[in-house]
Amino acid sequence: MTAPSARRRRWLPGRWPADAAGRRNMVLLVQLRWIAIAGQIATIGLVHFGMDIHLPIASMLVVPCIATAMNAGSLMVLRRRTDITHAELFLALLFDVFALTTQLYLSGGATNPFVSLYLVQVALGAMLLHRWSAWGIVVVSTLCAAMLAFIYRPLDLNEALEGHLFDLHIVGTWVCITMIAVLLVLFMTRVNQNLQQREAYLAQLRQQAVEEEHIVRMGLLASGAAHELGTPLAQLAVVLGDWRHMREIKAHPALVEEVGEMEAAVKRCKTILTGILMSAGEARGEAPEVTNVRDFIDIIARDWRNANPGMPLRCDFGPHSYPRIIADPVIRQAVTNLLDNAREAGASYINIMVSRDSQWLHIAVRDNGRGFDPAMLADVGKPYRSSKGKQGGGLGLFLVVNVVRKLGGRVDASNGADGGAMVQLRLPLDTLAMEEEEETLQEETGDDA
């Protein structure tokens, strides 16, 4: 059996991989090439048939055909892969430079006003490529433009246009400058947006790293405190055991009852500390406990009821068949933290609602407490952001959000229309469910998705 954490996880909506910038930029190049193909075909038809300037149509149409094949191949690669390398972007731009050079060679060379379109390729190279690659596009474009000043096929003008070549050049230059301006504005803004999104994603990763470092420090502190508290608790247990057998205590039933309550409290503290140490030292996937969702939630609810007698807690399960899962202690602790938060928020009734679809397990904790402040909803999961107004508040929900995020899920918080709050954990089944049951899950929930 393979541990679920070792499996490949799906990307979540809204998650933006750092290597997606190259893929998105390649998509922009493909779109720009489609525009170039349409523009070349339209221009060839207008010049040859509309202006009666004879062009080698067969040769010139070969270039759009090759560009179309290039785009088709690029789209196939984009569908199969999630990343595009820098070398592939460089080769794509280099192809566009050579395609433009071929068309200019067949239509007047450097005398063709559309020779300025090299600037578009240079600008794209400056935005998308590394320094050496961008300079490579500059050098290749410059050499091609210089070659076209000496080697090209002259235009075959008719008699009516023989004396108006300069006027045609002026009009063509204006059209070319307009095209360059429009293309640069359209595509440079989108490239800029891609780069900004990438920077935002990297900033989010840095923030997550800071939060995870904070969690590690908290875990080390909790583990150290658990070890330190173990000795005095053991001493208290010994002292209370001695008290129970003292004649002075036995003579007063009320004192015997109080000693019993203190022993139960000490035992409860030792159980909590043992759980902290086990959670801190247990690696996910090592000797995992296998159970099913219903039993997992029922055990959490039973333990919480025992620790909070008198607090109503109800568990509702959706009409689904639930798989066997790896009972991860961190998920148990996350749900327990939500229950504790609801109790501390003044709730007199708490409800755990469990459902699932083909991909996700949903665990929602709803209460009738005072709910979240609007400002708190905007900062759910941030450390030390709490509506309870006490020092150190907000860490429970902060830990819940980070635990679920590490498992590939997400946390949503909201206020109910009739008061109270609801926090929903969405956990991926391909991370929690047993490997051998994945195909069964897809068949069972095909109608639920």
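Predicted model: local features only at pLDDT ≥ 70, side-chain atom pairs only at ≥ 80, totals over all residues.

Q: What does the accessible surface of the protein chain come to, and what percentage of it belongs to carbon and sulfur atoms?
A: About 24900 Å², with 61% belonging to carbon and sulfur atoms. Those areas come from the Shrake-Rupley method with a 1.4 Å probe, and for residues only the protein chains shown count as cover.

Q: Thanks! How many helices and strands are there?
A: The protein chain has 14 helices and seven strands. Both are DSSP runs numbered from the N terminus, helices being H or I with at least four residues and strands E with at least two.

Q: And how much of the chain is buried?
A: Of its 449 residues, 37% count as buried. Buried means under 20% relative accessible area, exposed means over 50%, and partly exposed is in between (1.4 Å probe, protein chains only).

Q: Let's zoom in on α4. Which of its residues are buried?
A: Helix α4 covers residues 118-128, and its buried residues are Tyr118, Val120, Gln121, Leu124, Gly125 and Leu128. Looking down the axis of α4, these fall within an arc of 160°, so they line one face of the helix. The arc is that of the directions from the helix axis to the C-beta atoms.

Q: Which residues are exposed on the other side of α4?
A: Leu119 and Ala126 are exposed there.

Q: How do α4 and α5 cross?
A: At roughly 170°, with their axes coming within 8 Å. That makes α4 roughly antiparallel to α5. Axes are lines fitted to C-alpha atoms, for helices over the stretch in contact, and angles run from 0 to 180 degrees between N-to-C directions. Angles under 35 degrees count as roughly parallel, over 145 as roughly antiparallel, 65 to 115 as roughly perpendicular and the rest as oblique.

Q: What about α3 and α5, at what angle do they pack?
A: About 10°, with the axes 10 Å apart; α3 spans residues 86-105 and α5 residues 131-148. The two helices are therefore roughly parallel to each other. Residues making the contact (heavy atoms within 4.5 Å) include Phe90, Leu94 and Phe98 of α3, and Trp132, Ile137 and Met147 of α5.

Q: How do the residues of that contact divide into nonpolar, polar and charged?
A: The contact of α3 with α5 has 13 nonpolar, four polar and no charged residues. Ala, Val, Leu, Ile, Met, Phe, Trp, Tyr, Cys and Pro count as nonpolar, Asp, Glu, Lys and Arg as charged, and the others, Gly among them, as polar.

Q: Switching topic: is isoleucine 331 buried or exposed?
A: Isoleucine 331 is buried, with a relative accessible area of 4%. It sits in helix α10, residues 329-344.

Q: What does isoleucine 331 touch, leaving out residues up to four places away in sequence?
A: Phe296, Leu407, Leu427 and Leu432.

Q: And aspartate 298, where is that?
A: Aspartate 298 is in helix α9, residues 293-307. This aspartate is partly exposed, with a relative accessible area of 35%. Apart from neighbours within four places in sequence, aspartate 298 is in contact with Cys315 and Phe317.

How values were computed. Residues numbered from 1 in each chain as written. Heavy atoms only, no water.
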